[in-house]
Amino acid sequence: MPATTRAAAQQAQQRARLIESIVSTETPFSEEFKKRLAIFCIKHIPKGMDCKDGVVFVSLCVQAGMDVDDVQIDCCNEERRWTFFFSPADIDGPYCCCKFDDEGRVNFVHLEYDRHDAHVPADIVRLEKLEKLTISWECRSFHVDALQKLQRLKIIGGYSNDVLENFPYPEMKLNNLKKITVMSDASSSQYLRWVASGLPNLEHLKFKWKYDENRNRNDTDRIMNALRDFDWCFGKTLKSLDLSNMELDDTDFEFLFLEVIPTKFPNLVSLHLQNNDI
């Protein structure tokens, strides 16, 4: 066997042993399933990805409903993107994906759940370089303490009102978060008040309808009133505000420019109002 081939084989064996060790010690599954999971990870974790981050991501996907024996995998090395489609026959169905940086560390995760009682596990805290997290409508909860420990997290998006009903703790701060998307149906919950007080360095705020066909002018009115009445801790740092597709009219436009932006967001650079009735 040529020396280069032998060296490659040794590296592969070392990597396999490392993955087996990580799966054994850092995943919350039965010993029997850990053996199957290790085989899956050894076979599919991209070579450029950090082994620990790869195992953690697979574990999150399994807890989201992925069947390691029945999944379609798409790996784009050029974009450092790794995607699992839960239903191989339906690529439009539930899926999870991640992206990783030049050092192989996962910095973006999207979790789309295959059941309605799903949650984001505390394991996500092990993705130490995570900067962006998005989750689908079916998620019902996530681990607050873990979220606070993700010190690099800058972007959160995709929540529904269900996951926010009893979250977050009023005193919780995400000091590094720069961008967040707030679903319109969360506008009446304590979540919106937390957004106003818990994100001191936010720069980009977007409001979005959960479902276009279920638009409700009452939600829009609550959002507009909150923009005027709340004490936004990031008022001086906010750079962009997105209120596209919110059924705003000329009166709302005047309200924003006369009562909201000058007093609440004096340093705003960009206001997005596409697809409204202005």
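**Reading strands, helices and loops**

Q: Which residue stands opposite T83?
A: T83 stands opposite C97, a residue of strand 3. This is a predicted model, so the pairing is a computed result.

Q: What makes strand 2 and strand 3 a pair?
A: Two strands pair if there are at least two bridges between them. Strand 2 (residues 81-85) and strand 3 (residues 95-100) are joined by 5 bridges. Therefore they count as a pair. The two run antiparallel.

Q: What holds paired strands of a sheet together, in general?
A: Strands of a sheet pair through backbone hydrogen bonds, either parallel or antiparallel.

Q: What is the order of the strands in the open sheet?
A: The order is 1-2-3-4-6-8-9-10-11-12, which makes 10 strands with mixed pairing.

Q: Why are strand 1 and strand 12 called edge strands?
A: Strand 1 (72-76) and strand 12 (270-272) each pair on one side only. From one strand to the next, the twist averages 10°.

Q: Why are helix 7 and helix 8 called roughly parallel?
A: Angles under 35 degrees count as roughly parallel. The axes of helix 7 (residues 217-229) and helix 8 cross at roughly 30°. Therefore the two helices are roughly parallel to each other. Their axes come within 8 Å.

Q: Which residues of helix 7 meet helix 8?
A: On helix 7 they are R217, M224, L227, R228 and D229. On helix 8 they meet D252, F255, L256, E259, V260 and K264. By class, this contact has 5 nonpolar, no polar and 6 charged residues.

Q: Why is N245 called partly exposed?
A: Buried means under 20% relative accessible area, and exposed means over 50%. N245 has 26%, so it is partly exposed. N245 is found in the loop between strand 11 (240-242) and helix 8 (250-264). Phi of N245 is near 60°, a positive value in a residue other than glycine.

Q: How do you know whether N275 is buried or exposed?
A: The relative accessible area of N275 is 57%. The cut-off for exposed is over 50%, so N275 is exposed. N275 lies in the segment after strand 12. Phi of N275 is near 60°, a positive value in a residue other than glycine.

Q: Where in the chain is confidence lowest, and where is it highest?
A: Helix 5 (residues 161-164) is lowest, at a mean of 52. Strand 11 is highest, at 95. The chain averages a pLDDT of 81, and 81% of the residues score at least 70.

Methods. Residues numbered from 1 in each chain as written. Predicted model: local features only at pLDDT ≥ 70, side-chain atom pairs only at ≥ 80, totals over all residues. Heavy atoms only, no water. Helix = DSSP H or I, 4+ residues; strand = E, 2+ residues; numbered from the N terminus. Axes fitted to C-alpha atoms, helices over the stretch in contact; angles between N-to-C directions. Buried < 20%, exposed > 50% of the residue type's maximum accessible area, 1.4 Å probe, protein only. Parallel < 35°, antiparallel > 145°, perpendicular 65-115°, else oblique. Contact = heavy atoms within 4.5 Å. Nonpolar A, V, L, I, M, F, W, Y, C, P; charged D, E, K, R; others polar. pLDDT = per-residue confidence, 0-100.
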